[in-house]
Number of protein chains: 2
Amino acid sequence: MSVNLPKSDSHSVILGTETPLQLDCGVTLGSISMAYCTYGTLNADRSNAILVCHALTGDQFAASRQPVTGKDGWWSMMIGPGKILDTNRYYIVCSNVLGGCMGTTGPSEIDPKTGKPYGLTFPIITIADMVRAQAMLQDYLGIDSWFSVIGGSMGGMQALQWAAAYPERVYSAIPIACAARHSAQNIAFHEVGRQAVMADPNWQGGEYYGSGRKPTSGLAVARMAAHITYLSEAALHRKFGRNLQDRDSLAYGFDAEFQVESYLRYQGINFVDRFDANSYLYITRAMDYFDLFSDHGGNLATAFEGTKTRFCVVSFSSDWLFPTSENKQIVHALITAAANVSFVEVETDKGHDAFLLDTPDMLRTIDGFLQSTARSRGLAE
Amino acid sequence: MSVNLPKSDSHSVILGTETPLQLDCGVTLGSISMAYCTYGTLNADRSNAILVCHALTGDQFAASRQPVTGKDGWWSMMIGPGKILDTNRYYIVCSNVLGGCMGTTGPSEIDPKTGKPYGLTFPIITIADMVRAQAMLQDYLGIDSWFSVIGGSMGGMQALQWAAAYPERVYSAIPIACAARHSAQNIAFHEVGRQAVMADPNWQGGEYYGSGRKPTSGLAVARMAAHITYLSEAALHRKFGRNLQDRDSLAYGFDAEFQVESYLRYQGINFVDRFDANSYLYITRAMDYFDLFSDHGGNLATAFEGTKTRFCVVSFSSDWLFPTSENKQIVHALITAAANVSFVEVETDKGHDAFLLDTPDMLRTIDGFLQSTARSRGLAE
C-alpha cells in the first residue's frame with residue numbers, strides 16, 4: 001500500500017458565484033463547492049491537463065490516500081511518475097462529481113438557503129450537470145482544452161458528455177466500459193439499490209444527517225447487489241467458486257458460509273463508512289437519466305457531428321453491465337460522424353471492474369493512444 | 001384468467017410419523033405436513049404419475065387458482081386436458097416443498113415441541129431433503145415409480161436429485177433451466193436477497209409471526225433483485241427499454257419514472273403478500289447448498305451411474321442465471337454415465353423465466369419426449 005503514490009494537491013473551490021450552474025431539471029444552484037485533486041504540473045501553454053472522471057462510488061482521490069479508508073486512490077495504478085497517466089508529463093485533475101459526498105456540493109452538504117443539509121431537497125442532477133460543473137472548474141483553472149478526458153463506467157459517460165457538449169474544449173476522450181445510454185437492466189439494478197436504501201428506516205426520508213442514525217444496512221445491501229454486477233460470473237467462479245469460508249465442511253446455517261458471501265458482506269460493510277446514502281441515490285439516478293441518443297433526436301452520431309476530438313473507446317469482453325455491444329454503439333456513431341476513433345475490446349474475465357484493475361491490454365491500449373495523441377498535440381516527451 | 005384450468009384436488013397429509021425425516025444437517029423432523037395438489041386420475045397400475053417440482057417461489061397450485069393471489073397456477077399453460085402434461089392421460093402431483101409456506105412444514109409452521117412457529121429454529125434444509133419428503137409422499141400415494149419428474153430452476157434441481165437418489169423410482173426426468181450445483185454468482189444474488197430481508201427491522205431475527213409486523217420492505221427488495229436475474233437484458237430492453245411510466249417527459253425525481261422501475265416495484269410489492277420471508281431464506285439456502293458434484297466425489301457422472309432413467313434436459317439461450325453451459329455439464333455427465341438423454345437449448349430472448357412462459361420450442365421438446373417415453377412405458381394414448 002501507498003508505494004509510489006504521486007505527489008498530490010487537494011483543493012476546494014467555490015464556483016458559479018457569478019454565473020450560476022443551470023441544471024437540466026430546471027433548478028439553478030447559486031454557487032457550488034468543488035473538491036478536486038491535482039497531480040503533476042500544468043505546463044506553460046496549459047496543454048497537458050488531463051481530466052480524470054470517477055465512477056459512481058469513486059472520488060477525487062484518484063491517486064492519493066483516501067482520507068476515510070486510508071487506502072491508495074482508486075486509480076493509483078494508472079496515475080504517477082512514469083505510469084500511463086505520467087505525472088512527470090501531464091497535469092492530472094480529478095474532481096469529486098456534483099452530487100458527491102467528498103466535498104463537492106451534494107445532498108449531504110449544507111444548503112446555504114436553510115443552513116441545513118440538502119437531503120432530498122437537493123435537485124436531481126444529470127451527467128450533463130456534472131460535466132457543466134467540471135467545465136466551470138476548467139474555466140477556473142484557465143485551461144482552454146483538456147489534453148484528454150478519461151474515465152471508466154460513469155467516468156466514461158462523463159468523457160462522452162464532455163466530447164458531445166464541449167468538443168472544442170476536449171482534445172481527446174477515452175471512454176472506458178460505458179454506454180451512451182443507460183440500459184433497462186442497469187436502471188433496474190439501480191432501482192433495487194435505491195429501494196434498499198429507502199427501505200431502511202434509518203434513511204428517514206433522507207433526513208438522517210445529525211440524527212445519529214444512518215441507513216447503513218440498506219446502503220450495504222445496495223452495494224452488495226451492485227458489486228455482483230461489477231464482476232463476471234467467470235471471475236466469481238475463479239476467485240471463490242463454492243469454496244467455504246474458514247471451515248472444511250458445511251455448517252448448515254445463515255452465516256457467511258461460502259467465501260463469496262463473506263466477500264460480498266465485506267464489500268457492503270466497508271462501503272457505508274465512506275459513502276453517503278443520499279449521494280448514492282442521486283448519482284445512480286444521474287446515470288439512469290444518461291441518454292445521449294435521445295438528447296440528439298435518437299441519432300447518436302449527431303452528438304459528435306464535426307468533432308475534432310480524438311477518441312479511444314475501450315470495452316471488456318466479460319463486462320455484462322456495459323457490454324461490448326453498447327460500447328460499439330458509441331464507436332459506430334463516431335465513425336458515422338467521421339471522428340478519429342480507436343476501439344479495443346480487451347479480452348479479460350474480470351468483468352466491468354477490469355478498468356480499476358491491472359489489465360495489461362487496457363494499459364497498453366491507453367498508453368499507445370496517449371503517446372500518439374501527445375505527439376499530435378506537440379507535447380514534449 | 002382461469003380459462004381451461006383442469007379439475008384439481010388439494011390435499012394435506014402428515015408424513016413421517018413412523019419413520020421420521022432425517023435431514024442432511026443432522027436434525028430429524030418427527031413428522032411433517034405436506035400440502036399437494038393433484039390433477040387427473042391415477043391409472044390402475046399406478047404408472048402414469050408425474051411429479052411436478054416447483055421453483056423457489058412457486059407452490060403446489062401449479063394449475064389451480066392460487067388461493068392468495070386468485071391467479072391461475074404458475075404452470076397452467078402446461079397442465080390440463082389436452083395440454084403437454086395431459087390430465088386426461090397423466091396423474092399430476094405437485095407438492096409444496098419442505099421449507100415452503102403454503103402448507104408443507106416450514107419456518108412459518110408451528111413447531112409441535114414448542115407450540116410456536118419455528119422461525120429460525122427451523123433446521124436448514126437441502127434440495128435432497130425436499131426430495132426425501134417427496135419420496136415419503138410417493139410411498140404414501142402407493143406409487144412405485146414416477147412416470148416423470150419435471151421442473152424448472154429449483155424444480156429442475158429436484159428432478160436431478162430424484163434421479164440421483166432414487167433412480168429406480170423415476171422412469172424419466174425433465175430438468176429445465178437448472179444446474180447440478182449452484183454457482184458463486186447465484187449464491188451471491190441469494191445472499192443479497194437474504195441480507196435485504198435480515199436488514200429489515202421488522203424481520204426481528206425471524207420471530208415476526210404474530211407481531212403484526214413483517215419484513216415486507218426487505219423481502220420486496222430481495223424479490224426485485226432476484227427478478228432481474230430471471231429476465232434477460234434483451235427481454236428487459238424489448239419490454240421496457242427506457243420508456244417512461246405514465247408521462248411524456250422526464251420528471252427528475254425518485255418516483256418510478258421508467259417503466260422498468262414501475263414493473264420491478266410491482267413484482268416486489270405483490271410477492272410479499274403471498275410468500276413468507278423466512279421461507280425465502282431457507283429455500284434460497286437450500287439452493288446454495290445444492291452440489292451434486294461434491295455429493296459424488298467431484299464426478300457428476302457417478303451420480304447417474306447405471307441409471308435406467310430417461311432424461312430430457314432443456315436450457316434457454318438467454319438464461320444467465322442457469323446458462324446453457326451449466327445445463328450441458330449435466331448432459332455431459334449423463335452421457336458419460338451412458339444414460340438415455342435428450343438435450344435441447346431453446347433459442348429465446350426471454351431469459352430464465354422462459355420455462356414459465358409460452359415458449360413453443362420448449363413445449364414441443366417436452367411433448368415429444370413425453371410421447372415417446374409414454375410409448376416405451378406402454379401408457380395408452
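How far apart do the C-alpha centres of domain 1 of chain A and domain 2 of chain A lie? In this predicted model, the two centres are separated by 25 Å. Domain 1 of chain A comprises residues 8-182 + 290-377, and domain 2 of chain A comprises residues 186-285. The contact between these domains draws 26 residues from domain 1 of chain A and 24 residues from domain 2 of chain A. On the side of domain 1 of chain A that touches domain 2 of chain A, 12 residues are nonpolar, 11 are polar and three are charged.

The contact between the chains was examined next. Chain A and chain B contribute 42 residues each to this contact. On the side of chain B that touches chain A, at least two residues come from each of helix H3 (184-199), helix H4 (216-230), helix H5 (233-239), helix H6 (259-274) and helix H7 (277-289) of chain B. The greatest contribution to this side is that of H3(B), with 11 residues. In terms of residue class, the side of chain B that touches chain A consists of 24 nonpolar, eight polar and 10 charged residues.

The buried residues in H6(B) are Val260(B), Glu261(B), Tyr263(B), Leu264(B), Gly268(B) and Phe271(B). Viewed down the axis of H6(B), these buried residues fall within an arc of 165° and therefore line one face of the helix. In an α-helix there are 3.6 residues a turn, so residues three or four places apart point the same way. The cover over the buried residues of H6(B) includes H4 and H5 of chain B, together with helix H3 (184-199) of chain A.

A residue of chain A, Gly218(A), also has a contact with chain B. Gly218(A) belongs to helix H4 (residues 216-230) of chain A. Gly218(A) counts as buried because 29 C-beta neighbours lie inside 10 Å, the cut-off for a buried residue being 20 or more. Leaving aside residues up to four places away in sequence, Gly218(A) touches Ala196(A), Val197(A), Ala199(A), Asp200(A), Trp203(A) and Ala277(A) in chain A, as well as Ala199(B) in chain B. Between Gly218(A) and Phe304(A), the separation is 86 residues in sequence and 40 Å in space, C-alpha to C-alpha.

Notes:
Residues numbered from 1 in each chain as written. Chains lettered and ligands numbered in written order. Predicted model: local features only at pLDDT ≥ 70, side-chain atom pairs only at ≥ 80, totals over all residues. Contact = placed C-beta atoms within 7 Å. Helix = DSSP H or I, 4+ residues; strand = E, 2+ residues; numbered from the N terminus. Nonpolar A, V, L, I, M, F, W, Y, C, P; charged D, E, K, R; others polar. Domains from an automatic or database assignment. Buried ≥ 20, exposed ≤ 12 C-beta atoms within 10 Å, placed from the backbone. Arc of directions from axis to C-beta.
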